[in-house]
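Visitor: I have a model open and would like to know what stands behind the labels put on it. Please set each value against its cut-off.

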Amino acid sequence: MTFGTYPGLSQCSLLTVVEGVVRVRDLVLKMSMSLDGFVAGPGGELDWQFRSRSEDSTDWVLQTLSQAGLHAMGRRTYDGMIDYWPTASGPMAAAMNESPKVVFTRQETLHHRDVTPSAAEGFGWDSPRLANGELAEEIRRLKEEPGDYVLAHGGSLFARSLIRSGLVDEYRLLIHPVALGRGLALFADLGEPADLRLVDATAFSGGVVAHVYRPAGT
C-alpha cells in the first residue's frame with residue numbers, strides 16, 4: 001500500500017485478522033545519517049543535519065511523522081524533545097505534539113525539571129506511556145495494538161538495540177550529503193550482516209536522499 005506522493009512509504013495500519021492470520025502493525029525506524037553511516041557526531045552533534053534540509057525533505061519527514069499511530073523513543077531522546085517540541089511552532093510541531101508517545105526507560109516514572117506541566121500539557125509529553133520491560137516483549141505488545149505503525153525516533157542506543165534484536169520492520173533513512181569521519185554509527189552493534197531490500201529512494205533539492213528499506217525476505 002502506498003500513500004501521499006512518496007510511493008515507497010508503506011502504511012502498515014490496523015491490527016487485522018485475514019483468513020485466521022493476525023497481522024500486526026510495523027515498527028518503522030526513522031533516522032538521519034551521514035554518507036559514512038553516522039547518526040550523530042562523536043559528542044552527539046546534530047548540526048550537520050540542518051545544513052541540507054529543504055522544503056521537500058521536510059514534507060517527506062512530516063508525512064512519516066503524521067501517519068504514525070505511536071511515537072517511540074528512548075529516555076535521552078525524550079529529554080531532548082520535551083525541551084523543544086511543546087512550545088515549537090514549525091511545520092512538524094503538530095505532528096510531534098499531537099501523537100501519542102511511549103518512552104523506553106528502566107525508570108518507573110519520568111520527571112523533567114526544565115519543562116513545567118502547563119508547557120507540555122495536552123501534548124502527551126508530560127505523561128507518555130512508559131515501557132520498562134524486556135525490549136522485544138514491549139515491542140511485541142505495541143505491535144499487537146490497533147493503529148497505524150509505531151515510529152521509532154532513537155536515540156542511537158535505542159535504535160541499535162531495536163536493530164540488534166531484529167525488531168525493525170522498515171527503515172526510513174535520510175542520507176545527508178556530508179561525511180563525518182567519526183561519530184555514533186547506526187549499525188555498529190550488528191552480530192552478523194543484515195540483508196535489506198530497497199523499497200524506495202527519493203532525492204530532495206537540498207542533496208538529501210531518503211532510502212526506505214525493509215528486511216530481505218519480507
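**Labels and their grounds**

Guide: This is a predicted model. A salt bridge joins Lys143 and Asp169, whose closest N and O atoms are 2.8 Å apart. Lys143 belongs to helix 5 (residues 135-144) and Asp169 to the loop between helix 6 and strand 9 (170-175), so the pair ties together parts 26 residues apart in sequence.

Visitor: What makes the contact of Lys143 with Asp169 a salt bridge?

Guide: The label needs a side-chain nitrogen of Lys or Arg within 4 Å of a carboxyl oxygen of Asp or Glu. For Lys143 and Asp169 the closest N and O atoms are 2.8 Å apart, therefore the pair meets the cut-off of 4 Å.

Visitor: Why is Lys143 called buried?

Guide: Buried means under 20% relative accessible area. Lys143 has 13% relative accessibility, so Lys143 counts as buried.

Visitor: How do you know that Arg164 and Asp189 form a salt bridge?

Guide: Their closest N and O atoms are 3.2 Å apart, and the cut-off is 4 Å. Arg164 lies in helix 6, and Asp189 is in the loop between strand 10 (184-185) and strand 11 (196-203), so this pair ties together parts 25 residues apart in sequence.

Visitor: Why is Arg164 called partly exposed, and what of Asp189?

Guide: Partly exposed covers the range between buried, under 20%, and exposed, over 50%. Arg164 has a relative accessible area of 46%, so Arg164 is partly exposed. Asp189, at 32% relative accessibility, counts as partly exposed. Elsewhere, salt bridges that share partners join Glu137, Glu138, Arg140, Arg141 and Glu144 into one network. The structure holds 13 salt bridges.

Visitor: Why is Arg75 called buried and Asp79 partly exposed?

Guide: The line between the two labels is drawn at 20%. Arg75 has a relative accessible area of 18%, so Arg75 is buried. Asp79 is at 23% relative accessibility and therefore counts as partly exposed.

Visitor: How do you know that the length of helix 1 agrees with its number of residues?

Guide: The expected span is 1.5 Å times one less than the number of residues. For the 13 residues of helix 1 this gives 18 Å, and the end C-alpha atoms are 18 Å apart, so the two agree. The buried residues of helix 1 are Ser57, Thr58, Trp60, Val61, Gln63, Thr64 and Leu65. They pack against several elements, including strand 3, helix 3 and strand 12 (209-215).

Visitor: Why is Leu29 called buried?

Guide: Leu29, in strand 3, has a relative accessible area of 0%, so Leu29 is buried. Leaving out residues up to four places away in sequence, Leu29 touches Ala152, Ala159, Ile163 and Leu186, among others. Leu29 and Gly154 are 125 residues apart in sequence, with a C-alpha to C-alpha distance of 7.8 Å.

Visitor: What label does Phe187 get, buried or partly exposed?

Guide: Phe187 lies in the loop between strand 10 and strand 11. At 28% relative accessibility, Phe187 counts as partly exposed. Residues up to four places away in sequence aside, Phe187 touches Met33, Ile163 and Tyr171.

Visitor: What makes the peptide bond between Gly154 and Gly155 worth a look?

Guide: The bond joining Gly154 and Gly155 is cis, with omega about 10 degrees. Most peptide bonds are trans. Gly155 is found in the loop between strand 8 (150-152) and helix 6.

Visitor: Which residues lie nearest the centre of the largest pocket?

Guide: Leu46, Thr77, Met81, His153 and Gly155 do, out of 45 lining residues. The space in this pocket is about 1,400 Å³. Helix 2 gives the most to the lining, with 5 residues. By class, the lining has 22 nonpolar, 18 polar and 5 charged residues.

Definitions and conventions: Residues are numbered from 1 along each chain as its sequence is written. This is a predicted model: local features need pLDDT of at least 70, side-chain atom pairs count only at pLDDT 80 or more; totals for chains, interfaces and linings use all residues. Side-chain values use heavy atoms; hydrogens and water are left out. On a 1 Å grid over the protein atoms alone, a cavity is a set of points where a 1.4 Å probe fits but cannot get out, and a pocket is an open set with protein on both sides within 12 Å along at least five of seven lines; lining residues have an atom within 4 Å of a point. Grid points are joined across faces, edges and corners, and a volume is the space filled by probe spheres set on the points. Helices (H or I, at least four residues) and strands (E, at least two) are DSSP runs, numbered from the N terminus. Ala, Val, Leu, Ile, Met, Phe, Trp, Tyr, Cys and Pro count as nonpolar, Asp, Glu, Lys and Arg as charged, and the others, Gly among them, as polar. Buried means under 20% relative accessible area, exposed over 50%, partly exposed in between (1.4 Å probe, protein chains only). Contact means heavy atoms within 4.5 Å.
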